[in-house]
Amino acid sequence: MKKGEQFDHYGVKVRLQLNEDQLIQVKKTFVCRRFLYNHLLDKRSKAWGRRNESLNLKKQKEFLKNMKQAFPWLKEVDKFALENAVFDLDRAYQNFFEKRANYPVFKSKHKKQSYKTNQTNNNIVLSADFKQVKLPKLGWVACAGSENVLQRAKKQNHRISSATISEKAGVITCSLLFEKAKTQAAHPKTGQVGIDMGLTYLFIDSNGHKEPNPRYYGKAQKRLAKLQRKLASQQKSSHRYGKTKRKIAKLHVLIANQRKDLHHKLAKRITDDNQVVCVENLHIRGMVKNKRLAKHIQDAAWYQFRRFLTYKAERKGGQVLLVDRWTATSRVCSHCGKKKTLLNLNERKWICAACRTEHDRDINAAANILREGLKQIG
Ligand SMILES: [Zn+2]
């Protein structure tokens, strides 16, 4: 049996406060990981381009051994970080071959940096007060955040299986991956709900609840636009330009975190109250290709929300069902299934000609998502 079938995993993020030596070591690991990944990608691309040959994982691992001999400084960093880089590249290729992702691209030093390390012989340990975490090659590192979740993980004896150290906008964090035995307990509630994600509202559910889009997002957008204008007026490569750029990056992180908090809260509420949650199966891959940034962000947010719903539901013994977004349209009566021939965009309310049910357009769409989803489980 595969390990993943016995365990559920969840990540807990803490902020790291590194001393000077630790910071140097982390940055060195980022560099080595990126170097290895790009080197291997280059080699694989050439092999693929020349001979249509695919280098398998075993060959790549041999290659890692040779690389360590050719570039002895690779031995100075966490060996798991390097091994995982090999795995990551292989997964990127698998995703490409199975049409889930585009062809792998080179890692840039200007983007988010990270490396993953694995648990062996207690090399990743949290201190009793959760104020320090021991990591390979770094030793004890001061950390902060997520104390409540860590407390719960400790109480339930969940084991740390890996740690991912990342840097974004100058902040270094560590995401600890915990594993726990899978539970097969049934969901305590019998509720079923359809969720229609939208733009005017964050979502509308089949019970008639309309969740407003948060206002903080618009506020942050205004601040973002102001900073963007400032950046445009500044001399590139000047000190001030860099400063504005960092401010923009920080604001992006802030917006993402606010959205994440909200998504966690809403997904918790929905999965607490319902055993079955039906959502649209958005065409993520096609959508991400869309060049419009606002839409891109919106899609990523939807995807995140769906991901939170799914794992929270599964943890509680519930389930999330995906519905093809074209089968459940707002034109079908959710009560009797009769399709209305024409529904104008400005018709917010309508009455079904067959069963005389009065519909709110959006709530009806959510009800159809629920109806379609339930067909999957008979
Ligand atoms: Zn009807």
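This is a predicted model: local features need pLDDT of at least 70, side-chain atom pairs count only at pLDDT 80 or more; totals for chains, interfaces and linings use all residues.
**Entry 1: Lys243**

I then located the residue in the chain and found Lys243 in helix α6.

**Entry 2: The positive patch**

I next asked which residues form the positive surface patch. Lys243 is one of them, and I listed the others as Lys226, Arg229, Lys230, Arg240, Arg246, Lys247 and Lys250. I then traced these residues to their helices. Both α5, which covers 215–233, and α6, which covers 239–273, supply at least two residues of the patch. Which helix gives the largest share? I found that α6 does, with 5 residues.

**Entry 3: Strand β7 and its partners**

I turned to the strands and began with β7, residues 171–181. Strand β1, residues 7–17, runs antiparallel to β7, and 9 bridges join the two. As an example of this pairing, I noted that Phe7 stands opposite Ala181 in β7.

I then examined β6, residues 159–168, which is also antiparallel to β7 and is joined to it by 9 bridges. Here I noted that Ala163 has Leu176 of β7 as its bridge partner.

For reading the side chains along a strand, I kept a general rule in mind: in a regular strand they alternate between the two faces of the sheet.

**Entry 4: The hairpin**

Finally, I asked how many residues lie between the strands in the hairpin of β6 and β7. There are 2. In this hairpin I recorded a positive phi near 50° for Ala169.

How values were computed:
Residues are numbered from 1 along each chain as its sequence is written. Side-chain values use heavy atoms; hydrogens and water are left out. Patches are made of residues with over 30% relative accessible area and no salt bridge: like charges are joined within 9 Å, nonpolar side chains (Val, Leu, Ile, Met, Phe, Trp, Tyr) within 5 Å. Accessible areas come from the Shrake-Rupley method with a 1.4 Å probe; for residues, only the protein chains shown count as cover. A salt bridge is a side-chain nitrogen of Lys or Arg within 4 Å of a carboxyl oxygen of Asp or Glu. Lys and Arg count as positive and Asp and Glu as negative; His and the chain ends are not counted. The place of a charge is taken as NZ of Lys, CZ of Arg, CG of Asp or CD of Glu. Helices (H or I, at least four residues) and strands (E, at least two) are DSSP runs, numbered from the N terminus. Two strands pair if DSSP finds at least two bridges between them.
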